[in-house]
Amino acid sequence: MKTVGVIGANGMVGRNMLAELEKVKIPFQVKRFGRNDEITPLDVAVLCTDNPVSRILAGQLKDKVKFMVDMSSEFRLDPAVPLVIPEINANAITAQTQLIASPNCTTTGLVMSLAPLQAHYRFEEVFFCSYQAISGGGKQLLDEFNKAGSYYAKNCVPMIGSLQANGHTSEELKGVYESRKILSIPDLKVYCHTVRVPVEVSHSLGVTLKADKPFDLKQVKSLWNQFPHLIYSESVITPKEVAGKEQTFICRLRADIDDPRIIHYFVTFDNLLKGAAMNGRQIVELLLEKYV
Ligand SMILES: NC(=O)c1ccc[n+]([C@@H]2O[C@H](COP(=O)([O-])OP(=O)(O)OC[C@H]3O[C@@H](n4cnc5c(N)ncnc54)[C@H](OP(=O)(O)O)[C@@H]3O)[C@@H](O)[C@H]2O)c1
């Protein structure tokens, strides 16, 4: 029997990963590992841990497991490690890829909205401002948020991850560099602000996209609706409504007032599902189907 192990099984992503794996039709045995458990040999290990724990575990597991799917940011920009959203670049995985990285949750929502348009429009610039859920910061942040007097209650905090020497946060740089890698557009101009808002689940992004030619709004909606796990909603859709759903939702598409080569829209999706556990489960499914 094929085996899939969830490491960090008691965390936000780990718990969702266990639930997601129940959806997989191919028979396999699931094993769960917490902080102090010894990890047994596995076909696929899903590392639902923070960096640098993921790097330490990846080193320890190299000879014990066939494949590793890492949910942390530790390996995402390593040129030898594919950074995969199966709807977009499943072909980056081969039988020889032992380690596969799953992207940052906010980046996932952005590139899900860009990928369907990529073959039709050459992107010149993309700007986004994020409205990120508390659960994106892990279970410790969610516990802190649920205590009386939390800094995050009734607040917006424009500081996610760590502040870098260039003034950007690590979360903002993930939006830039991971988007370029997933879409294979190394010179894509991405500008962003990432902000934590008092929403428990589901991240949102206000996006402005500039292309090399005027957008056909009808075509854009149709491209989005034809793409797997993506829905354009004619009515306003908010993070509250999409929590627990697999799809990434887009609404409020409109052309810029002055420049038809610019569009504005709003994206919202469950950060723990498509932004994490669902994407990880899709990678596991692909490995089980093709390579294990
Ligand atoms: N939350 C999101 O929306 C999201 C989205 C995409 C990616 N990610 C990434 O996914 C990873 C997990 O995030 P999370 O939100 O689930 O964080 P979390 O809630 O803090 O969970 C992390 C888990 O890792 C466990 N752990 C720590 N050291 C370990 C070790 N040596 N061996 C095994 N398990 C260990 C922790 O165990 P204890 O329970 O004992 O503390 C905890 O259960 C992070 O790298 C994060 O950046 C998160």
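The axes of helix α4 (residues 105–114) and helix α6 (residues 170–183) come within 9 Å and cross at roughly 40°. Axes here are lines fitted to C-alpha atoms, for helices over the stretch in contact, and angles run from 0 to 180 degrees between N-to-C directions. The two helices, α4 and α6, are therefore oblique to each other. Angles under 35 degrees count as roughly parallel, over 145 as roughly antiparallel, 65 to 115 as roughly perpendicular and the rest as oblique. The crossing of α4 and α6 is right-handed. A crossing is right-handed if the near helix is turned clockwise from the far one by less than a right angle, and left-handed if anticlockwise.

This is a predicted model: local features need pLDDT of at least 70, side-chain atom pairs count only at pLDDT 80 or more, and totals for chains, interfaces and linings use all residues. Residues are numbered from 1 along each chain as its sequence is written. Helices (H or I, at least four residues) and strands (E, at least two) are DSSP runs, numbered from the N terminus.

On the α4 side, T106, T107, L110, V111 and L114 make the contact with α6. On the α6 side stand E171, K174, G175, E178, S179, I182 and L183. Two residues are in contact if their C-beta atoms, placed from the backbone, lie within 7 Å. By class, the α4 and α6 contact residues split into 5 nonpolar, 4 polar and 3 charged. Ala, Val, Leu, Ile, Met, Phe, Trp, Tyr, Cys and Pro count as nonpolar, Asp, Glu, Lys and Arg as charged, and the others, Gly among them, as polar.

Helix α4 also meets α9. Their axes come within 8 Å and cross at roughly 90°. Helices α4 and α9 are therefore roughly perpendicular to each other. C105, T108 and G109 of α4 touch K274, G275, A276 and N279 of α9. That contact holds 2 nonpolar, 4 polar and 1 charged residues.

Helix α9 packs on α1 too, at an angle of about 45°, with the axes 9 Å apart. Helices α1 and α9 are therefore oblique to each other. Their crossing is right-handed. From α1 come V13, N16, M17, E20 and L21. From α9 come L273, A276, A277, M278, G280, R281 and V284. The classes here are 8 nonpolar, 2 polar and 2 charged.

| Helix pair | Axis distance | Crossing angle |
|---|---|---|
| α4 and α6 | within 9 Å | roughly 40° |
| α4 and α9 | within 8 Å | roughly 90° |
| α1 and α9 | 9 Å | about 45° |

Next, the domains. The protein is divided into domain 1 (3–103 + 276–290) and domain 2 (106–270). These bounds come from an automatic or database domain assignment. The C-alpha centres of domain 1 and domain 2 lie 24 Å apart. Their contact takes 13 residues from domain 1 and 18 residues from domain 2. On the side of domain 1 that touches domain 2, α3 (86–89) and α9 are the elements that give two or more residues. The largest share of that side, 3 residues, comes from α3. The domain 1 side divides into 7 nonpolar, 4 polar and 2 charged residues.

The ligand has 27 residues around it, and G8, G11, V13, S72 and G138 come nearest. A residue is near a molecule if its C-beta atom, placed from the backbone, lies within 6 Å of it. Elements that give two or more residues to this shell are α1 (12–21), α5 (138–145) and α9 (273–290). The shell has 10 nonpolar, 14 polar and 3 charged residues. It draws at least three residues from each of domain 1 and domain 2.

Two backbone features remain. Most residues other than glycine have a negative phi, and most peptide bonds are trans. The peptide bond from N51 to P52 is cis, with omega near 10°. P52 sits in the loop between β3 (42–47) and α2 (53–61). S202 is not a glycine, yet has a positive phi of about 95°. S202 lies in the loop between β7 (190–193) and β8 (203–211).
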